[in-house]
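Hello,

I'm passing a structure on to you today.

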Amino acid sequence: MNASLSEKLRAVKWGEFRLTDIFVVKNTSNLLASDIIAGSGETPYLCASSENNAVSSYIKYDKEHLEKGNCIFIGGKTFVVTYQSKDFYSNDSHNLALYLKKGTPSKAAFLYMASCVYKSLHRKYSWGNSISKAKIQEDIITLPVSNGKIDFAFMDSFIAELEAERVAELEAERVAELSAYLTVSGLDNYELSSDEVQALQNYSSLTWKLFNLECLFGKSTRGKRLKGDDRISGTLPFVTAGEASEGISAYISNDVEIFEKNTTTIDMFGSAKYRNYKYGADDHIAVVHTETVPMKAAIFLTSAIHKAAHTGKFDYGHNFYAKDADALDIMLPAKDGKPDYTTMETLISAVQKLVIKEVVLYANQKIKTTKAVTKRY
C-alpha cells in the first residue's frame, strides 16, 4: 500500500458498533443446487465461495426465493464476506444478508464495510464454529467515524484511491510488457529510412506485371486429411480452412508432412495467409512454396495471392485446391521483367513501421502517464 493510503489509515478515527445496531441481519432462503439449472438465467446464485465474489452460477427461478441486493453477504459455514449489488439467490439458509438500517452508501463504501466486517470477526468464526443470526447479535465491528458517525466519505475516497493505484500498477505492467515485446521484436524503431520514404513516394509509378504462381514457385502442395478424432495433442500447428486463429485448428504430434516457414497457405475459400513457422495442413489447404523469397517480400506476395484468389468464386460447393493455385496469376511490382522483391520488401517494411508507430507512441505515453500517476500516491 502506498504512503498516501497508509497515512489516511493512520489519521482516520475509528468507532466500535454493535453489528445489529447498524445492519438488519437476515437468513437467506435455501435453494439447493439440485433445484436449479446452472446458467439458465441472469440472476447470481451464491454459494459462499471465496471465488468469483461467491457467485456459483447465474440462474432463473421464482421470486419467492429471491434476495434483495445492495447488501453484505456472509457465507454461514465459510465466513466468506462479499458485497452483493444485485438481487440474488442463495444455496444455504445458514448464509446471512446484512442490510444497512440508515444511509445510502456507495458501492465503494459497502466494499469497505465488508472488509471491516471480515477483519472484525474472522478470528471468531470458522468452519467448526459457523456464524449464525443468533451468534452475531452482540458482535462488535470497527468502522471509520467522523463526528461520532460512520464516515462514508472517507470510505469512498479511500477505495477510489486504492482502485486508482491498482489500475495504475496493472497498466504499468501491461504497457511495460508491450514495450519489451516491441524492443525484442525489433519493432520499436518506426523511423522510415530514405529507401522506405522513396518506395512509398514511387508507389503510384511502379511497373506492375502479371506472373503465374506455378512459374514462380513450382507446383503447390495439397495437405492431407487428418480427422479430428485422429489428432494427437502436440506442438505442431495444424492448419485447416477458416479465419479463426489464422486457420490453426489444433496443435498436433502426428506423423504428417511438415511445411517450411516463410510459405503461404490458401484455404478452400481462396483465403491466403503467410506462415512464419513450420506447420501441418489438411486437404483443404494449398501450400505455395515461397521459402526462398525474403520474408517481407513473401508477406507482400501473400497479399497479392489473397487478392487474386479470395474473390468469392470459391465456397463449400466449389473448393480452392492446389491445382487452382498453380493456375493463379498475380500482379506484382516488376523490374527487368522479373518480380521486384527488393521493392516489395521495402514497401512492407515501411507499412509495418507506419502501423507500429502509433503503438510505440501509445506505449511510451502510457508509461510516462503511469509514472506520473503513481508518483502522486
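Here are some notes on its charged pairs and its cysteines.

This is a predicted model, where local features need pLDDT of at least 70, side-chain atom pairs count only at pLDDT 80 or more, and totals for chains, interfaces and linings use all residues. Residues are numbered from 1 along each chain as its sequence is written, and side-chain values use heavy atoms, with hydrogens and water left out.

I began with salt bridges (a side-chain nitrogen of Lys or Arg within 4 Å of a carboxyl oxygen of Asp or Glu). The count comes to 11.

One of them joins Lys77 to Asp92, with the closest N and O atoms 3.8 Å apart. Lys77 sits in the loop between strand 5 (71-74) and strand 6 (81-84) and Asp92 in the loop between strand 7 (89-90) and strand 8 (96-100), so the pair ties together parts 15 residues apart in sequence. Strands here are DSSP runs of E with at least two residues, numbered from the N terminus. Asp92 is buried at 15% relative accessibility, while Lys77 is partly exposed at 37%. Buried means under 20% relative accessible area, exposed over 50%, and partly exposed in between (1.4 Å probe, protein chains only).

Another salt bridge pairs Lys273 with Glu243, at 3.2 Å between the closest N and O atoms. Lys273 is buried, with a relative accessible area of 7%. Arg18, Asp21 and Glu138 form a network of salt bridges.

As for disulfides (cysteine sulfur atoms within 2.5 Å of each other), the whole structure has zero. Cys71 is buried at 0% relative accessibility, and Cys116 is buried at 7%.

Best wishes

How values were computed
Helices (H or I, at least four residues) and strands (E, at least two) are DSSP runs, numbered from the N terminus.
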